[in-house]
Amino acid sequence: MSVDSALSKGADSVLRFEDITLDFSDEGKLKTTIDRVVTVYNKTGMRDVRAIAGYDNNSKVTDIEAIIYDLMGNEQEKIKKRDFKDYSAVDGGTLYADNRVLVLDYTPTRYPFTIRFTAESVSETTAFVRPWMPVFTYDSGTQYSKYSIIHKPEDSLHVKATNFEGYDIEYIKTPEQSVWIARDIKPVSYEYKSPALDKRVPRVKAYFDKFYLAGVPGVGGTWEAFGKWMYDDLIKDTQQLDASVITEVQNLVKDLPDDEAKVKAVYQYLQDKVRYISVQVEIGGWKPMPAADVHRLSYGDCKALSNYMQSLLNAVGVKSYYTVLYGDPDKESLDTDVVAMQGNHVILGVQLGDEIKFLECTSQQSPFGYMGTFTDDRDVLLLTPEGGKLARTTKYNQEDNFEQIVAHIELDAEGNLQGDYTETSKGIFYSSKMSLESKDQKDLSDHYYENFSGIKSLSVSDIKLQNDRDRVMYEEHLKLNARNYASKIGDDFLAKINPFSWSNEMIPPRYTDRKSDFVILRGHIRQHEITFKIPEGYKLGAIAEPVALEEDFASYKTEIHVEGDTVNYKRIFKLNEGSYAVDAYEAYRDFYKNVVREDNQKLFIEKL
């Protein structure tokens, strides 16, 4: 059967047929069946096959199979369960875990081909109702996708369906079953700064008020009830510490003036003592290691270390909250409309007066209360003895996210450049700097050569790094030298006024028919202040006029002043957080083109 060209044009693959059934009708059990047929057009399209099934101590894969067909629909190969590769489902940073995965190990000899994948599994965990997205990846068309949830009539199913507008989707509901069917969805392509795929295509999320997590009954319905269940069943009995540890930490803070000083001291104690290693075992990997074990072993994962920190704070009388969230740079929040197991990370929220300070307990480098782009500005769940509470992590506003370059530069009579360079980073810019001090001198020099790749024949020296953890500010100081920085024109020179100007690589990609709005997740300010001294025996010729560019999404301004043989140059770039309509994208791109042009203005330096 041929594929509609509207679905296959420009596609890496087409989902020809998919039938996913989640059967919750047996109390405390989830039976999942998958039947999927995918036509793959190239190597990239192999990711869309998703011939994979996970299992652990509380679940098993009862059947799994793949059949390969050629372009004409003739069966070429049948791959049974014993031929699937069996891997650990955790990375090398995990000490131990019981999660494993069966993966199809197939290398095609030619494209296109079609594969049918079927799998059946049973689990004692019903807390995770896998969401449905009939478009699962970019550049993949969908011909037919069906998603069914079967349950007992008394178990009310809560559903959140989004992004259905403009799609052919059928919904069938009975007291025991809910079914969604999608047909003929064209491929969706990735676009720079676009919203995440799950915000652009149809998606269904579902949950029940009662569930089981690795056989342990759980209660939802409201975030308050759900959070209380998590606290009582997963957290409360893991926080005991030996009396000697309690005494040690109490002595540590006994002379400190207030709770914030105490928390800072305990946080430093944590960072000095433990290191992060992933440990995912008890109750589906959601129950933390006991605090006493973390203290004894000096390691743990995000759950264990946050729980250990909370146990230490309990010992010194400071209230804190085990906090569940999604950790990623895209600011993914918990879906507050879906009361269910969510998140992939845990941090600790500490009550200091009316404010909650959040601590990243897996990092030995993060300053007290610093979030960075992995955990900033998103909805999270605090677990308290009274129940769950929704909160939001620290937001860094535009003025907080500040990067400043200050450089004092001199040009000699040969056109060579030398100078002092200082870069100051705050807010979100700080997080990318923390690892610099762990580099050796060669790697550090290489870092700057890469950063200043626009400056030819560059050498850097006298590198000094200052990490002010109290003010959450990072400073880099170094000396620069560059041979033949200025271009010779007869007896005169032509030189860029801003050696740290942006290149064409900063210009957003062009689209002939962009489909999506664009999103700026975090506003920021990037400022350059440069004094540029010309050599003796020369004078400045014509100088570019200052410029001011202003758009809804950003602004750019330069200031240029001449004092004798020195040019004082200032450049301020501001990016404004927000979601902007697709119609504004071309203006956004033009703005960057103009910034790059103005950034690269040159000085004409004439011989006297």
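Arg392 is partly exposed, with a relative accessible area of 42%; the term covers values between the buried limit (under 20%) and the exposed limit (over 50%), computed with a 1.4 Å probe on protein chains only. Arg392 forms a salt bridge with Asp377, with 2.9 Å between the closest N and O atoms. A salt bridge here is a side-chain nitrogen of Lys or Arg within 4 Å of a carboxyl oxygen of Asp or Glu. The model is predicted: local features need pLDDT of at least 70, side-chain atom pairs count only at pLDDT 80 or more, and totals for chains, interfaces and linings use all residues. Residues are numbered from 1 along each chain as its sequence is written, and side-chain values use heavy atoms, with hydrogens and water left out.

**Confidence**

- The mean pLDDT of the protein is 92, and 97% of its residues reach 70 or more. Over residues 91-96 the pLDDT falls below 50, yet this stretch has 14 contacts in the model beyond near neighbours in sequence.
- pLDDT is the predictor's confidence in each residue, on a scale from 0 to 100. A contact means heavy atoms within 4.5 Å.
- Where pLDDT is low, the predicted coordinates should not be read in detail.

**Overall build**

- The protein has 10 helices and 38 strands. These are DSSP runs numbered from the N terminus: helices are H or I with at least four residues, strands are E with at least two.
- The C-alpha trace spans about 90 × 75 × 40 Å along its principal axes.
- Of the 608 residues, 50% are buried.
- Take the contacts between residues at least 6 apart in sequence: 70% of them join residues at least 24 apart.

**Charges and salt bridges**

- There are 75 positive and 98 negative side chains, and the centres of the two sets lie 2 Å apart. Lys and Arg count as positive, Asp and Glu as negative; His and the chain ends are not counted. Each charge is placed at NZ of Lys, CZ of Arg, CG of Asp or CD of Glu.
- The structure holds 44 salt bridges.
- One of them joins Glu18 and Arg50, at 3.6 Å from N to O. Glu18 sits in strand E1 (residues 13-23) and Arg50 in the loop between strand E2 (30-40) and strand E3 (52-55), so the pair ties together parts that are 32 residues apart in sequence. Glu18 and Arg50 are both buried.
- Another pairs Lys303 with Asp301, the closest N and O atoms being 2.6 Å apart. Both Lys303 and Asp301 are buried.
- Back to the opening pair, Asp377 and Arg392. This bridge links distant parts of the chain, 15 residues apart: Asp377 is in the loop between strand E22 (355-359) and strand E23 (379-384), and Arg392 is in strand E24 (residues 387-392). Asp377 counts as buried, at 6% relative accessibility.
- Salt bridges with shared partners also join Lys160, Asp198, Lys199, Arg203, Lys205, Asp335 and Asp337 into one network.

**Backbone exceptions**

- Most residues other than glycine have a negative phi, and most peptide bonds are trans.
- The Tyr111 to Pro112 peptide bond is cis, with omega near -5°. Pro112 lies in the loop between strand E8 (100-103) and strand E9 (113-123).
- Ser298 is not a glycine but has a positive phi, near 65°. Ser298 is in the loop between helix H6 (291-297) and strand E19 (299-300).
- Ser457 also has a positive phi, about 50°, without being a glycine. Ser457 lies in the loop between H9 and strand E27 (458-468). Ser457 is partly exposed, at 39% relative accessibility.

- Ser445 lies in helix H9 (residues 441-451). Ser445 is buried, at 14% relative accessible area. Setting aside residues up to four places away in sequence, Ser445 touches Val460 and Ile463.
- Ile185 belongs to strand E13 (residues 177-185). Ile185 is buried, at 2% relative accessible area. Beyond neighbours within four places in sequence, the contacts of Ile185 include Leu7, Pro134, Tyr167 and Pro202. Ile185 and Val201 are 16 residues apart in sequence and 9.4 Å apart in space, C-alpha to C-alpha.
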